[in-house]
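Here is a short briefing on one protein model. Keep the sequence and the 3D view at hand while reading.

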Amino acid sequence: VKTGMSALVQTTSLDKEALIALMADATPAVDTELPKTGVSLEMERLLSSPFIQSAAYGTRVTTVLLRGMQRSQFLEQTFQNGQAGERVSYQFDHLME
């Protein structure tokens, strides 16, 4: 995710779709990079990816909020049982005084 995010922020404008796709990565971290938080190694592996999917626990929503000088953009993708559900997108112009 860090590498993908670094590449995205180097572009002139961030792509909301690319950010959502980046957060859909279900690849777990390698064991040597896992923290020791007190849960089992299996649970640490499960929780280490940006997109979490299991029978009992998982990612329910991914939200992207981009704030520019004059406009903000909001994109939210819901998930149910690991499958994409509803997606909403809004743009807000900032009020200038």
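**Hairpin, buried glutamine and helix pair**

Strand 1 and strand 2 (residues 71-80) run antiparallel and are joined by seven bridges. The model is a predicted one.

**Strand pair**
- Three residues lie between strand 1 and strand 2, and the two strands form a hairpin.
- Val61 stands opposite Thr78 of strand 2.
- In a regular strand, side chains alternate between the two faces of the sheet.
- Strand 1 spans residues 61-67; Thr62, Val64 and Leu66 make up its covered face.
- The uncovered face of strand 1 holds Val61, Thr63, Leu65 and Arg67.

**Gln77**
- Gln77 belongs to strand 2.
- Its relative accessible area is 4%, so Gln77 is buried, the cut-off being under 20%.
- The Gln77 side chain reaches the backbone oxygen of Gly85 at 3.1 Å.
- The side chains of Gln77 and Arg87 are joined by a polar contact of 2.6 Å.
- Neighbours within four places in sequence aside, Gln77 is in contact with Ile20, Arg60, Val61, Thr62, Ala84, Gly85, Glu86 and Arg87.

**Helix contact**
- Helix 1 (residues 2-9) packs with helix 2 (residues 16-23) at an angle of about 175°, and their axes are 10 Å apart.
- Helix 1 is therefore roughly antiparallel to helix 2.
- Gly4, Met5 and Leu8 of helix 1 meet Ala18, Leu19 and Leu22 of helix 2.
- The residues of this contact of helix 1 with helix 2 comprise five nonpolar, one polar and no charged.

Note on methods: Residues numbered from 1 in each chain as written. Predicted model: local features only at pLDDT ≥ 70, side-chain atom pairs only at ≥ 80, totals over all residues. Heavy atoms only, no water. Buried < 20%, exposed > 50% of the residue type's maximum accessible area, 1.4 Å probe, protein only. Helix = DSSP H or I, 4+ residues; strand = E, 2+ residues; numbered from the N terminus. Pairing = 2+ DSSP bridges. Polar contact = N/O pair within 3.5 Å; in protein donor to acceptor, adjacent residues only side chain to side chain. Contact = heavy atoms within 4.5 Å. Axes fitted to C-alpha atoms, helices over the stretch in contact; angles between N-to-C directions. Parallel < 35°, antiparallel > 145°, perpendicular 65-115°, else oblique. Nonpolar A, V, L, I, M, F, W, Y, C, P; charged D, E, K, R; others polar.
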